[in-house]
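The following paragraphs guide the reader through selected sites of one structure. Please keep the sequence and the model in view while reading.

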Amino acid sequence: MLKSLYISSFVIIDEVQIDFHDGMSALTGETGAGKSIIVDAIGQLVGNRTQSQFIKKGAKKAVIEGVFEVSERFSKICDEYHLRIEDEIVVTKEIFANGKSNVKINYRNVSLTVLKLIMPYLIDIHSQFETQALFIPKKHIELLDHYIQDNFNQLKENYVNHYDEYKSLIRKLDKVINEDLSDEQIEFYESQIKEIEECEYSDENIAEFENELKRLENYEKMNEVIHVFDDNMNNRVLLGFKEAIYNLSQIQDDDFIDYHDNLYNQYYDVKDTYESIMDLYQSFHFDEYRFNELQEILYKVNRLKRKYGYSMLEIQEAKEDILSKIEMINHREEYIDKLKIEIKDLESLCLKEAEKIHDIRVENAKKFEKEMANELIDLYLPYARFHINIEKVDLNKNGYDNVTLMVSTNKGQDLSPLNETASGGEISRIMLAIKTIILKDSDIDTILFDEVDTGVSGKVASGIGEKMRKLSESKQVICITHLPQVAACSTYQYAIVKETNDVSTVSSIHLLDKKGRIEELAKMLSGDHISEEARKNAEKLLDE
């Protein structure tokens, strides 16, 4: 659950702190007041693209910080990324004028990738843009798969791995059939093997060679420094230290004995360290033959890395690949036959897994349709029929299913693809119904609806508000709305106000009490000129 949101120097927001609660919260305000800015700010916390234009004019950086109450399951997810999370998580994003940003979780720097991986488990942002996904037929299968629970994702993941392997073998077979298999090609491969075998070292060996070469390259400089060091230690430090200790020993006073003994011991510690340094130096010597040998080895290694990979392990893998190509050329027919058998076996496995996926989709599609029928009635589409059409096609990343969402919104109307028949207001309601079904049993605690009521009014708007309020019994719902019927359904209402002076424009946000809600709803009903009748209507709407 989103407990609080802090925004500083973001677009036209100077500084604001919003405390959120359970249930349904509505954010309202005039067009251009800054409602979408709140959504953009929360979007930054889930990893949306950063823009330097987000920084308020005259500020050095913008800061967005959200405090979320989290579940034990979410804490376990964070453990995978070595993030220690208990009951709360603080997500902070700083945006700088140069376009760069800094992300912190519980005040520890993390990458944007980690943020994008974990935040979808905390909050779902549903915008008008996401509703437009219903107009993209390829997205329909994703909505159905999102609905299916249990071990379906693992089954899909296994299938995708086998399918990728299947397609890879097909590409390999095509390459084998069309590849140049001349004697010259074999000679070329053999020359590659030979140059790799001349430098068969491990990455650890290479690191040792580089350190040794660096030491030899620095030998002359080290030689100069050691001679100066030796002269200073022998003729100045140790000699002077020893004389000073002797001078101290001439004092016939017991209070100085401990100090004298301490210095005496330190003198021999320093002398031992000096002698160890000199012994180490004496063990070094410049070997010109070894110097040239190391340069030659590392030159060859770097040349191989440019050709085959950035590590010795990758170079060895390239060698194995070349050897398999030589083996393939020498035994081409057997190799092709072997590939064909592997492809056939994998195709058979993929078809079996795709069939399981298909059966699960068909079974769940029927459940989805029944739930959608009930949801659409609540949203004043009583004659709407919703059907998920699943057709078998060729094997692909999704199995062998092509999924199309079909709808009929009027009595006697034939089912048609949703993207071809539904109006804007109908699409908004259908997507809200889909979201309600998909998210009600999910682990996500917070759902943000950004003006999903676009294109509706009257009793339909009330239906949408009631649907959100019903969802808020199990989830935290935050909605951006311009409809009083939707705002009246909320448990809490916040007014976003834009103020302009001669210098700047600033947006602020306030949690409204009942009197404030009546005024805000009346304004939404009648505009800036609020009549007494509008207030009565607003109060009635709120009470209902």
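Aspartate 145 touches Phe152, Lys156 and Arg361, leaving aside residues up to four places away in sequence; contact here means heavy atoms within 4.5 Å. The model is a predicted one, in which local features need pLDDT of at least 70 and side-chain atom pairs count only at pLDDT 80 or more, while totals for chains, interfaces and linings use all residues. Residues are numbered from 1 along each chain as its sequence is written, and side-chain values use heavy atoms, with hydrogens and water left out.

Aspartate 145 belongs to helix H5, residues 140-147 (helices are DSSP runs of H or I with at least four residues, numbered from the N terminus). Its relative accessibility is 6%, and aspartate 145 therefore counts as buried (buried means under 20% relative accessible area, exposed over 50%, and partly exposed in between, with a 1.4 Å probe and protein chains only). The side chains of aspartate 145 and lysine 156 are joined by a polar contact of 2.9 Å. Such a contact is a pair of N or O atoms within 3.5 Å; within protein, one must be able to donate a hydrogen and the other to accept it, and residues adjacent in sequence count only if both atoms are side-chain atoms.

Tyrosine 259, by contrast, is exposed, with a relative accessible area of 58%. Helix H10, residues 257-283, contains tyrosine 259.

Terms used: Helices (H or I, at least four residues) and strands (E, at least two) are DSSP runs, numbered from the N terminus.
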